[in-house]
Amino acid sequence: MIASWFAVLDSLVIQPCLLQGKIIICDSWYYKYLARFLLKSTELAKLSKSVLSINTKPDMVIYLDVPPGIAEKRKKILKPSESGKLETNEKYGFIEYQKHVLNQYQTFYDDTWKIIDTDTLTKDAVIKLIVDIIQVEMPKKM
């Protein structure tokens with residue numbers, strides 16, 4: 001269902017906007033789900049890569065890197081899907097599982113990814129960095 005959602009969003013919203021020359025900014029893309037699916041069985045990981053690869057590859061990804069320990073402190077409710085409770089190894093805690101997810105994210109990194117280490121930054125500093133990155137990088141893409 002998740003793959004279907006992204007395929008519909010891509011074909012009915014993103015692709016038409018790109019054809020009109022519009023810039024699209026999304027809060028999250030399929031990477032969040034793919035990183036988790038890659039931790040599942042080999043068959044599901046392979047299928048997930050295949051079905052999610054049909055989507056448009058972003059020109060740029062701004063990834064806000066939040067250490068798992070900080071993320072855990074910020075969250076009021078830890079969802080089972082964020083804590084590894086839906087995995088075959090249900091012994092994961094939130095922090096351990098998120099470290100595994102982060103390792104998968106790191107396999108996606110390429111020169112289109114701009115990583116912001118949010119560990120010591122204020123919310124305003126993160127926003128300023130994002131705006132600066134967009135203002136510098138987007139004109140290069142056009």
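Tutor: A nonpolar core is a set of buried Ala, Val, Leu, Ile, Met, Phe, Trp, Tyr and Cys residues joined through side-chain atoms within 4.5 Å. Buried means under 20% relative accessible area, exposed over 50%, and partly exposed in between (1.4 Å probe, protein chains only). This model is predicted: local features need pLDDT of at least 70, side-chain atom pairs count only at pLDDT 80 or more, and totals for chains, interfaces and linings use all residues. Residues are numbered from 1 along each chain as its sequence is written, and side-chain values use heavy atoms, with hydrogens and water left out.

Student: In what order do the elements of the protein run from the N terminus on?
Tutor: Start with the count: seven helices and two strands. Helices (H or I, at least four residues) and strands (E, at least two) are DSSP runs, numbered from the N terminus. The order is α-α-α-β-α-α-α-β-α.

Student: What percentage of the residues of the protein count as buried?
Tutor: The C-alpha trace spans about 45 × 35 × 25 Å along its principal axes. The protein exposes about 9,600 Å², and carbon and sulfur atoms supply 59% of that area. Areas come from the Shrake-Rupley method with a 1.4 Å probe. Of the 142 residues, the buried share is 30%.

Student: Which element gives the largest share of the largest nonpolar core?
Tutor: This core has 19 residues, and Trp29, Tyr30, Tyr31, Leu34, Tyr105, Phe108 and Trp113 touch the most other members. Two or more residues come from each of helix H1 (2-19), helix H2 (31-37), helix H3 (42-52), strand S1 (61-65) and helix H6 (94-108). The largest share is five residues, and it comes from H6.

Student: Why does Asn55 count as buried?
Tutor: Asn55 is found in the loop between H3 and S1. Beyond four places in sequence, Asn55 is in contact (heavy atoms within 4.5 Å) with Phe6, Ala7, Asp10, Trp29 and Tyr30. Asn55 counts as buried because its relative accessibility is 5%.

Student: At what distance does the side chain of Thr56 make a polar contact with the side chain of Gln15?
Tutor: A polar contact is a pair of N or O atoms within 3.5 Å, one able to donate a hydrogen and the other to accept it. Thr56 lies in the loop between H3 and S1. With the side chain of Gln15, the distance is 2.3 Å.

Student: What is the phi of Ser28?
Tutor: Most residues other than glycine have a negative phi. Ser28 sits in the loop between H1 and H2 and is partly exposed, at 35% relative accessible area. Ser28 is not a glycine, yet its phi is positive, at about 90°.

Student: How far apart are the C-alpha atoms of Ala71 and Leu52?
Tutor: Ala71 is in helix H4 (residues 68-74) and is buried, with a relative accessible area of 17%. Leaving aside neighbours within four places in sequence, Ala71 is in contact with Val66 and Phe94. Ala71 and Leu52 are 19 residues apart along the chain, and their C-alpha atoms are separated by 26 Å.
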